[in-house]
Amino acid sequence: MIWDIFYPKKCIFCRQLLKEDETDLCRTCRTEAPDFNSSKNNIPFVAGWTAVWYYRDSVKHSFHRYKFRNALSYAEPYGRFLAMRIAQMDIDFDYISWVPVSFWRRWSRGYDQVLLVAETASKELGLPLVSTLRKVRHNPAQSGISDPSQRKANVIGAYVANQNAAIAGKTIMLIDDVITTGSTVSECAKTLLTAGAKKVYCAAVASAHKDN
């Protein structure tokens, strides 16, 4: 195709040109990517969670391009990999939702990076995507805070349940981009449970630490 001549497909990690039989990741990165393999579940209010990769090395660099350098084409590959990981959880849930960014951050960045990933995951899994949360407080970015207790305090009251969403009695799969200490998804899950959700599971593209 003409489009592929001018915009050849590249690996979302190492940015090398993909061969005809490769999709999203080159063979080397697909083999060497730091796959998430933890089975721990220590995030308060979250019934269970998973991630695709650990947030380091080529994964981290890829995310920086996606979030801060407008590499929007990464959203679909991230969403496809995330959908496959969610399917491996082998659990039943009613629909997919996501951790929203604040109005200011979406305006300054031009897009909600988690929403774009969630849209693809929703399509791949054939399940509805429902906006269940609004971020009502523009707090400092979690990435700039290292202390776990400060990260937890930073997100308290930052989210409210969307009154137009059917939340009561529902089991929800909440999508995020990166989980570090779990403070953000914990606060979101607590908000949804308070609004009547039955259970909240979480899936992220990456996890920042092995001991999450």
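**Before you start.** The model is predicted: local features need pLDDT of at least 70, side-chain atom pairs count only at pLDDT 80 or more, and totals for chains, interfaces and linings use all residues. Residues are numbered from 1 along each chain as its sequence is written, and side-chain values use heavy atoms, with hydrogens and water left out.

**Stop 1: the sheet.** Select β1, β6, β5 and β2, which in that order form an open, parallel sheet of four strands. Strands here are DSSP runs of E with at least two residues, helices are runs of H or I with at least four, and both are numbered from the N terminus. Two strands pair if DSSP finds at least two bridges between them. At the edges you will find β1 (48-54) and β2 (95-98), each pairing on one side only. Neighbouring strands are turned by 25° against each other on average, direction ignored; axes are lines fitted to C-alpha atoms, for helices over the stretch in contact, and angles run from 0 to 180 degrees between N-to-C directions.

**Stop 2: strand β6.** Now pick residues 199-207, strand β6, which pairs with β5 (residues 171-179) in the parallel sense over eight bridges. Look for Thr-171 facing its bridge partner Lys-199, and for Ile-172 with its partner Val-200. With β1, β6 makes six parallel bridges; there, Ala-51 has Ala-204 as its bridge partner. How many residues of β6 are buried? Eight of the nine are, so the strand is largely enclosed by the rest of the structure. Buried means under 20% relative accessible area, exposed over 50%, partly exposed in between (1.4 Å probe, protein chains only).

**Stop 3: the helices.** Helix α6 (residues 113-125) lies across β2, β5 and β6, at about 170° to β2. Contact here means heavy atoms within 4.5 Å.

**Stop 4: aromatic rings.** The whole structure holds eleven aromatic pairs. Rings of Phe, Tyr and Trp (its six-membered ring) pair if their centres lie within 6.5 Å; planes under 30 degrees apart count as stacked, over 60 as edge-to-face and the rest as tilted. Select Trp-53 and Tyr-78: this pair is edge-to-face, 6.4 Å centre to centre with 70° between the planes. The two link distant parts of the chain, with Trp-53 in strand β1 and Tyr-78 in helix α4, 25 residues apart. Trp-53 is buried at 2% relative accessible area, and Tyr-78 is buried at 0%.
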